[in-house]
Amino acid sequence: EKSLKAYTFINNLRPQLDIDILVEESLSFEKQYNKRTKIEVWDIQIPVISLANLISMKKKANREKDLEDIKALLELKNL
């Protein structure tokens with residue numbers, strides 16, 4: 001449906017901690033990795049996709065849910 005390959009790990013107790021692992025060949029790992037950001041979860045630094053790259057990916061998907069996500073991400077970016 002999203003035209004990419006991904007694995008989603010779902011946390012039923014804490015849905016905000018769901019994780020998507022993208023494994024699509026069209027993603028340039030080096031490009032994404034070089035622009036990564038890190039978040040801290042349980043005192044562990046975890047590299048994640050940058051906000052700008054996440055927004056770009058969601059724009060390409062262009063689904064209603066992704067467009068809603070973009071609005072929320074842009075609001076977070078302005079905090």
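1. A salt bridge here is a side-chain nitrogen of Lys or Arg within 4 Å of a carboxyl oxygen of Asp or Glu. With that in hand, Lys 58 and Asp 69 pair in this way, their closest N and O atoms being 2.7 Å apart. Lys 58 sits in helix H2 and Asp 69 in helix H3 (residues 64-77), so this pair ties together parts that are eleven residues apart in sequence. Helices (H or I, at least four residues) and strands (E, at least two) are DSSP runs, numbered from the N terminus.

2. A word on what you are looking at: this is a predicted model, in which local features need pLDDT of at least 70 and side-chain atom pairs count only at pLDDT 80 or more, while totals for chains, interfaces and linings use all residues. Residues are numbered from 1 along each chain as its sequence is written, and side-chain values use heavy atoms, with hydrogens and water left out.

3. Asp 69 has another partner to check: Lys 65, again by a salt bridge, with the closest N and O atoms 2.7 Å apart. Asp 69 and Lys 65 are four residues apart in helix H3, which means about one helical turn separates them. As a reminder, an α-helix has 3.6 residues a turn, so residues three or four places apart point the same way.

4. Asp 66 and Arg 63 also meet through their side chains in a salt bridge (2.6 Å, N to O). The structure holds four salt bridges, and a network of them links Lys 58, Arg 63, Lys 65, Asp 66 and Asp 69.

5. How covered are these charged residues? Buried means under 20% relative accessible area, exposed over 50%, and partly exposed in between (1.4 Å probe, protein chains only). Asp 66 is buried at 4%, as are Lys 58 at 15% and Asp 69 at 18%. Lys 65, at 47%, is partly exposed.

6. Helix H2 (residues 51-61) is worth a look as well: Asn 53, Ile 55, Met 57 and Lys 58 are buried there. Just after H2, Asn 62 takes a positive phi of about 55 degrees.

7. Ile 21, found in strand E2, counts as partly exposed at 38% relative accessibility.
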